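Hi,

Here is the structure I promised to pass on.

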Amino acid sequence: MKIVVAIKQVLDPRGFTVNRKAEKIFFNREEWITNPADLCALEAALMLKDKLGAEVVVLSGGPARAGDALRDAWARGADRAIHLSDKAFAGADGFVAARILAKAVDKLGNVDLVLCGDKALDTGGGEVGPRLAEALGWPQVLDALDVSVADGRARAIKPNGKGFVALEVGLPALVTVAAGANQPRYPHGGRIMQSYREYQLEAWTAADLGLSEDELEPLMDNRGQSFPPERQRGTVLDSPQELVRLLKRNRII
Amino acid sequence: MDFTFAPEYVALRKMLREFAEEEVRPLAKTIDREHRVPHETFKKGAKIGLLGVPFPIEYGGMGAGETGYCIMMEEIGRVCTSTATNIGAHIGIGAMAIYLDGTQAQKDKYLRPLASGEKIAAFALTEPNAGSDAAGIRTRAVREGDSYFIDGSKIYITNGPIADIVSVLAVTDPALGARGGVTSFIVETTWEGFKVGTLENKMGIRGSSTSELIFDNLRVPQENILGQTGLGFVTFMKTLDLGRVSLGAACLGGAQAALEAAMQWAKARNQFGAAIAAKQSIQWMVADIACEIEALRSLVYRTAWMVDSHKPFSREAAMCKLYGSEVASRAINKALQIHGALGFSREHPIERAWRDARIAEIFEGTNEVQRIVIASEMFREIGVRVRP
């Protein structure tokens, strides 16, 4: 089985504070981490690898610093890490990112399953997964908490508002994994050292993927940014009894 | 001159910080209160190579050298001095003695399970009448055919009650004494004649276990001699030299944590209408601690670099231990002062840090001994011998 995991880096939210009133972002330290949901997607892939045996290939776009996220994924147990790196990829929106990833999945060949995070911590878009499945022409399951594979089919468990539902799709398929779906493992320290000292990251350019400039034209037009309104203060309850009363009144318990 | 860490060290620190925060910090208070060793941390740590950071990957370690080892000790020391002590005694002196002077066969048999964390090591030097003065060792090893029989006891042995493998220093030729008559042995704790004696009830590092070890006609095969017969003292001194660097790193972590906690509290605590961070008295303490920490950080990582690039480092290692333990004590003492009465509460981590810090000025060679080492190296440079 060959599993592809698409990851991206986001800014560590612990490194900055947002002041909504002043409409400013204050950076204490600019540190990049792998998007938490993407790490859960990787963990889901590695669990499948542990259980059934699989080749796990990790893909990421982004500037040179994306190499850290790819090396981290390799250190955690991925077999290959490929940096989709080209000046022409800068400014890609969800549509273009999905197109680049689809070409990379095609180029890899014989991919059975693509896993990615359901949403990025920064944009919160959640569009790359569905767009990638569309570009590949594969079935998709979104926001899964658990992924298993048996008899050429993927089974995913996801919340449906009231509880959970299990969905099955034929392979090849794409599943997006929700943040918090699992507890990503720590990379082995020795693998971290090797990932920089010995492992050679692969890099694929637009030319490697056969993508022309026209195909990399984003759909989205960025017209600026605004800050969401300040959050309203919630109701402060005086006692646990009051909380129980409220929960009962709203028929939650 | 480039003072930045290579990217692999940055990534390693990031992972270790996460491990320390998620797995080690939550247990720090409990193991202190319950006076117990965090076996669960050993188990989890073994999976990420925590118990073999400086040892080569082929032995199951991380292959991260002294620099990586210091990063680990700093990050663990930042959240729990007891855990840092357990790991330090295991890697830095217990397993290190075997790594430095073990034969290939000894490394295969003993270093491998130690580096991968399957087994735990300890290092047994101190006796009731010998510690800093190793010449006072009474533990005897008598040869009979191809075996040695060890009789005697050791005290204050970190990891003593939990160790599987112990490096033991014993007298093989009383006539020669410390100069050629002392040999080190690799001892398995399951062997007949090995006994764990009294456990110490300590003021600090209560999440580490310290005990007496008793050898009663303990048979050790000749192939378990570590290093050369009669030169055990050399093996032990080499090992202790190295251990001092990483001990300085653990102190660095403890001092840094205290500074961060004090600053957070100074920001939150209001007196006379403003945060106490605005008071000059607090700012001076913060500035003084920060300067010392920065100096210590430079010293520790430069010394680690000297170790990794095979330069002589004895003097600097002694400085790491001496300065590190004193900086940690001063920093934690001032940080506790900034916390006021809150810092005196057993509910606050700074109270534990204060108790934990004291031992670093004593064990692995008292700070007085470190000064002797430093001074004798200094005087040696001008051709004067001042060793006791």
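**What I found**

L174(A) counts as buried because it has 28 C-beta neighbours inside 10 Å. For that label, a residue is buried if 20 or more other C-beta atoms lie within 10 Å of its own, exposed if 12 or fewer, and partly exposed in between, with C-beta atoms placed from the backbone. L174(A) sits in strand β13 (residues 173-177) of chain A. Helices (H or I, at least four residues) and strands (E, at least two) are DSSP runs, numbered from the N terminus.

Before you go further: this is a predicted model, in which local features need pLDDT of at least 70 and side-chain atom pairs count only at pLDDT 80 or more, while totals for chains, interfaces and linings use all residues. Residues are numbered from 1 along each chain as its sequence is written, and chains are lettered from A and ligands numbered from 1 in the order in which they are written.

Which residues does L174(A) contact, leaving aside its neighbours within four places in sequence? They are V114(A), G129(A), L132(A), A133(A), L136(A), W138(A) and Q140(A). Two residues are in contact if their C-beta atoms, placed from the backbone, lie within 7 Å.

After α2(A) comes G77(A), which has a positive phi, near 135°.

The largest nonpolar core has 183 residues, and V5(A) and L115(A) touch the most other members. Such a core is a set of buried Ala, Val, Leu, Ile, Met, Phe, Trp, Tyr and Cys residues joined through C-beta atoms within 7 Å. Helix α6 (residues 232-268) of chain B gives the most to this core, with 18 residues. Not counting residues up to four places away in sequence, V5(A) touches A41(A), L42(A), A45(A), V56(A), V58(A), L115(A) and C116(A).

On to chain B, which has 10 helices and 10 strands. Its radius of gyration is 21 Å, close to the 21 Å that the globule rule gives for 388 residues, so chain B is as compact as a globular protein of that length. (The radius is taken over C-alpha atoms, and the rule is 2.2 Å times the number of residues to the power 0.38.) Buried residues make up 52% of chain B.

Chain B divides into domain 1 (7-119), domain 2 (122-230) and domain 3 (234-380), with bounds from an automatic or database domain assignment. The centres of domains 1 and 2 of chain B are 23 Å apart, taken over C-alpha atoms. Between these two, 24 residues of domain 1 are in contact with 18 residues of domain 2. On the domain 1 side, α4(B) gives the most, with 12 residues. That side divides into 10 nonpolar, 10 polar and four charged residues. Here Ala, Val, Leu, Ile, Met, Phe, Trp, Tyr, Cys and Pro count as nonpolar, Asp, Glu, Lys and Arg as charged, and the others, Gly among them, as polar.

Finally, the two chains meet: 14 residues of chain B are in contact with 12 residues of chain A. Helix α1 (residues 7-34) of chain B gives the most to the chain B side, with six residues. That side has 10 nonpolar residues, three polar and one charged.

Cheers
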